[in-house]
Amino acid sequence: MEKLPESAQRVADLLTTIGHDRPVVMLPATGKTSAEAAAGLGCSVAEIAKSIVFRRLADDAAVMVVASGSNRVDEAKVAAIVGPLGKADARFVKERIGYAIGGVCPIGHVGKTLMLIDQDLLQLDSVWAAAGHPHAVFNLTPRQLVSMTAAPVADIAQRT
């Protein structure tokens, strides 16, 4: 088996530690966007659990939203739950979460992260989440995602 990049191996080790039975999978092409990841996996864009990080303005806390790849996150809905938000640049994400943008995993953060999970993910049988590297993903059920992150489920998608 091909050796995983260090950041993806960290996720694989964490998944093993918590008893998750599905492996980290390396995509042949990047999975930086939901569409790219879905194409590489042969699944729908909705089945990609994308992690989006914001910076809470009040205290500079990292706020992560795990959303369905087919949804746009409604920043106003998120702010109504956690407080006013600002953009999180690549350095902020790497320092506070521990992963580079494009491979931000919903678990294994280096610091405390406020998290919300898109309620639309719970309608799916399984989802794919980034595993710490732009080419690395892992499969899990939405309920496993909620259990692993202990994050509240909320309506955070833009509705047109």
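Student: How much accessible surface does the protein chain have, and what share belongs to carbon and sulfur atoms?

Tutor: Accessible areas come from the Shrake-Rupley method with a 1.4 Å probe, and for residues only the protein chains shown count as cover. Here the protein chain has an accessible surface of about 7900 Å², and carbon and sulfur atoms hold 53% of that surface. Please note that this is a predicted model, in which local features need pLDDT of at least 70 and side-chain atom pairs count only at pLDDT 80 or more, while totals for chains, interfaces and linings use all residues. Residues are numbered from 1 along each chain as its sequence is written, and side-chain values use heavy atoms, with hydrogens and water left out.

Student: What percentage of the residues in the protein chain is buried?

Tutor: Buried means under 20% relative accessible area, exposed means over 50%, and partly exposed lies in between (1.4 Å probe, protein chains only). Of the 160 residues in the protein chain, 48% are buried.

Student: What share of the contacts joins residues 24 or more positions apart?

Tutor: Contact means heavy atoms within 4.5 Å. Among contacts with a separation of 6 or more in the protein chain, 64% are between residues 24 or more positions apart. Leaving aside neighbours within four places in sequence, V25 touches W128, H135, A136 and V137. V25 is partly exposed, at 28% relative accessible area. The C-alpha atoms of V25 and D120, 95 residues apart in sequence, are 24 Å apart in space.

Student: Where does L124 lie, and which residues does L124 touch?

Tutor: L124 is located in the loop between β5 (113-118) and β6 (127-130). Not counting residues up to four places away in sequence, L124 is in contact with A46, E47 and P142. Its relative accessible area is 24%, so L124 is classed as partly exposed. L114 is 10 residues from L124 along the chain, and their C-alpha atoms are separated by 23 Å.

Student: How many positive and negative side chains are there, and how many salt bridges?

Tutor: Side chains of opposite charge can pair when their charged atoms come close. Lys and Arg count as positive and Asp and Glu as negative, whereas His and the chain ends are not counted. The place of a charge is taken as NZ of Lys, CZ of Arg, CG of Asp or CD of Glu. The protein chain has 16 positive and 16 negative side chains, with the centres of the two sets 4 Å apart. A salt bridge is a side-chain nitrogen of Lys or Arg within 4 Å of a carboxyl oxygen of Asp or Glu. The structure holds eight salt bridges. One of them pairs R56 with D59, at 2.7 Å from N to O. In that pair R56 is buried, at 18% relative accessibility, and D59 is partly exposed, at 43%.

Student: Which parts does the salt bridge between D155 and K77 tie together?

Tutor: The side chains of D155 and K77 meet at 3.1 Å, N to O. D155 lies in the segment after β8 (153-154) and K77 in helix α3 (residues 75-82), so the pair ties together parts that are 78 residues apart in sequence. Salt bridges that share partners join K77, D120, D155 and R159 into one network.

Student: What is the phi of D60, and where is the place of D60?

Tutor: D60 has a positive phi of about 65 degrees, although D60 is not a glycine. D60 is in the loop between β2 (48-56) and β3 (62-68). D60 also forms a salt bridge with R55, the closest N and O atoms being 3.1 Å apart. A150 likewise is a residue other than glycine with a positive phi, near 55 degrees. A150 is found in the loop between α5 (142-149) and β8, and is exposed, with a relative accessible area of 67%.

Definitions and conventions: Helices (H or I, at least four residues) and strands (E, at least two) are DSSP runs, numbered from the N terminus.
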